[in-house]
Amino acid sequence: MEKAAKEIRELKGFLPRSIAYAGQINEDFAEGISGFYKAVWTEREGGISTKQKHLIVFSIACSSNNIQSAVKILERLHKFGATRIEINDAMMLAAWTGGIQHFTDFSAAILKEMDRLGF
């Protein structure tokens, strides 16, 4: 599991808990989940960039009212050079798909974290 964990840590910037938990259960299981992460997050020629993937996942987290994940993803968006306008667009899409109530629920925490990160 160490090789897979290292690759994912480099790719994502951290070791996802699912891989750590899987490693406690079975090494092959951890390798399988690591492979899934790698397949999803690796940039491919002509594909979606890592920044775009994080914007999509951010919008999904917001529209699902998963504030904790959305705040965490903001750190990755900062690292990958997302702009405040791109994040605002993602938030508006989340309001469109998740509804105004979720927008109301997640906006305060997201805007505060955006300010903290310097967006």
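Buried denotes under 20% relative accessible area, exposed over 50%, and partly exposed the range in between, computed with a 1.4 Å probe and protein chains only. This is a predicted model, in which local features need pLDDT of at least 70 and side-chain atom pairs count only at pLDDT 80 or more, while totals for chains, interfaces and linings use all residues. Residues are numbered from 1 along each chain as its sequence is written, and side-chain values use heavy atoms, with hydrogens and water left out. Helices are DSSP runs (H or I, at least four residues), numbered from the N terminus.

**Helix α5**

- Helix α5 spans residues 67–79, and its 13 residues reach 19 Å from first to last C-alpha, close to the 18 Å expected; the expected span is 1.5 Å times one less than the number of residues.
- Ala70, Ile73, Leu74, Arg76 and Leu77 are the buried residues listed for α5.
- These residues cover an arc of only 170° around the axis, which places them on the same side of α5; the arc is that of the directions from the helix axis to the C-beta atoms.
- Gln68 and Lys79 are exposed on the other side of α5.
- The cover over the buried residues of α5 includes α1 (2–12), α4 (50–63), α6 (84–98) and α7 (100–117), where contact means heavy atoms within 4.5 Å.
- Gly81 follows α5 and has a positive phi, near 80°.

**Helix α1 and its neighbours**

- In α1, the residues Ala4, Ala5, Ile8 and Lys12 are buried.
- Viewed down the axis of α1, the buried residues fall within an arc of 100°, so they line one face of the helix.
- An α-helix has 3.6 residues a turn, so residues three or four places apart point the same way.
- Glu2, Lys3, Lys6 and Glu10 are exposed on the face of α1 turned away from its buried side.
- The buried residues of α1 pack against α2 (17–25), α3, α4 and α5.
- Ser34, in helix α3, is buried at a relative accessible area of 2%.
- Leaving aside residues up to four places away in sequence, Ser34 touches Ala4, Ala5, Ile8 and Ile19.
- Just after α1, Gly13 adopts a positive phi of about 90°.

**Salt bridges**

- A salt bridge is a side-chain nitrogen of Lys or Arg within 4 Å of a carboxyl oxygen of Asp or Glu, and by this rule there are five.
- Lys38 pairs with Glu7 in a salt bridge, with the closest N and O atoms 3.5 Å apart.
- That pair links distant parts of the chain, since Lys38 lies in helix α3 and Glu7 in helix α1, 31 residues apart.
- Lys51 and Glu86 form a salt bridge with closest N and O atoms 3.0 Å apart.
- Lys51 lies in helix α4 and Glu86 in helix α6, so the pair ties together parts 35 residues apart in sequence.
- Glu75 forms a salt bridge with Arg116, the closest N and O atoms being 3.8 Å apart.
- The latter pair joins helix α5, which holds Glu75, to helix α7, which holds Arg116, across 41 residues.
- Salt bridges with shared partners connect Glu75, Glu113 and Arg116 into one network.

**Surface**

- Ile48, Ile56 and Ile60 form a nonpolar surface patch with about 260 Å² of accessible area together.
- Patches are made of residues with over 30% relative accessible area and no salt bridge, like charges being joined within 9 Å and nonpolar side chains (Val, Leu, Ile, Met, Phe, Trp, Tyr) within 5 Å; accessible areas come from the Shrake-Rupley method with a 1.4 Å probe, and for residues only the protein chains shown count as cover.
- Ile48 sits in the loop between α3 (27–41) and α4 and is partly exposed at 41% relative accessibility.

Key: Helix = DSSP H or I, 4+ residues; strand = E, 2+ residues; numbered from the N terminus.
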